[in-house]
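Reader: I would like to see how the labels on this model follow from their definitions. Please show it first.

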Amino acid sequence: MNQTPEGPRYHEPVMAEEVIELFRPVGSGLVIDATFGGGGHSRRLLEALGDDIRILGLDRDPEAVAEGSAMDPRVEVVNRNYRELAEVLRERNVASAAGALFDLGVSGHQVEEGTRGFSYQRRGPLDMRMGPDAPWTADDIVNHWTESELAGVIRSFGEERFSARVAAAIVAARPIEDTLHLAEVVKAAIPAAARRSGGHPARRTFQAIRIAVNEELEALSEGLEAAITHLRPGGRCVVISYHSLEDRIVKRRFVAGARGCVCPPDFPVCVCDRPAELRLLARKPVRPSAEETGSNPRARSARLRAAEKVAA
Ligand SMILES: C[S@@+](CC[C@H](N)C(=O)[O-])C[C@H]1O[C@@H](n2cnc3c(N)ncnc32)[C@H](O)[C@@H]1O
């Protein structure tokens, strides 16, 4: 963990300058930090945007919430999954927000803490739950799901070309004891020639299992929908994703919102007359600077997309 003059740094916020500049025009009001983590982005937003903004932070990890709650009187952090965002806002009588930020995935803190089981480089239990609300653990999937279910998860959520081989190797090696045992089994299942490219051979399988454990893609679709619905006109939604499956969901939702029309593509003219609800703030995803990826390896795969709510 990095050190700062104030103490250990929980998580270095990714593309913080870009996030600040995207939220600067909203001026005042409530900004939802849907993935509060160590509060790195929230802290930077409060410093840059001043007293006119308040933050409602959500995190499904109780540890993140415990760290963040005492941060600043302008901040409230709740231990909730962002897929429940609409409910969280209703409970607080919040009708609309000035902004919503999603910085997806796991924090550096969660990965580095081997006891959570997210890392293929540290020995830990087969857990991978971001919070106690997750429906199952990595152990359930790795040691109890059928070979075809396992192969499906690894193929769909890890985009692993050798998903069938990896699933067969896992089933043959059961019971898998811990994260390093799993990483070893996966590595041995990948042909030697393919191991030389694409980073650690277990990276894609670990990503797949984590996504399945936490139902991450379903949560993202639902959370994003709630955030867009609750933005006031001129309010902005900013999403930082770390792999193509997340980015695809964000891109499709933003593009659909900017298009408005929901008629089937083979209709010669629009009959739905649905107006656009979003304006894209960039056509292509924004990537971090070389300087940032040099100093913060976590930023390397980051892609940022942003959209603004337009008047109905
Ligand atoms: C990349 S970290 C965020 C770091 C934060 N932006 C910062 O600067 O400190 C992602 C955080 O989102 C949380 N998270 C992931 N999925 C979530 C969900 N569906 N609902 C609420 N929190 C979630 C994780 O527990 C983790 O703490």
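Reader: What makes β3, helix α2 and β4 a β-α-β unit, and of which hand?

Author: This is a predicted model, in which local features need pLDDT of at least 70, side-chain atom pairs count only at pLDDT 80 or more, and totals for chains, interfaces and linings use all residues. Residues are numbered from 1 along each chain as its sequence is written, and side-chain values use heavy atoms, without hydrogens and water. Strand β3, helix α2 (residues 40-49) and strand β4 form a right-handed unit. Right-handed means that, with the strands pointing away from the viewer, the path from the first strand over the helix to the second runs clockwise. Helices (H or I, at least four residues) and strands (E, at least two) are DSSP runs, numbered from the N terminus.

Reader: Why is β3 called largely enclosed?

Author: Buried means under 20% relative accessible area (exposed is over 50%, partly exposed in between; 1.4 Å probe, protein chains only). Five of the five residues of β3 (residues 29-33) are buried, so the rest of the structure largely encloses this strand.

Reader: How do you know that β3 pairs with β4 (residues 53-58)?

Author: Pairing requires at least two DSSP bridges between two strands. Five bridges join β3 to β4, and the two run parallel. Gly 29 stands opposite Ile 53 in β4. β3 also pairs in the parallel sense with β6 (residues 97-103), over three bridges, and there Asp 33 faces Leu 101.

Reader: Why are α7 and α8 called oblique?

Author: Angles under 35 degrees count as roughly parallel, over 145 as roughly antiparallel, 65 to 115 as roughly perpendicular and the rest as oblique. Helix α7 (residues 147-158) and helix α8 (residues 163-173) pack at about 135°, and are therefore oblique to each other.

Notes: Axes fitted to C-alpha atoms, helices over the stretch in contact; angles between N-to-C directions.
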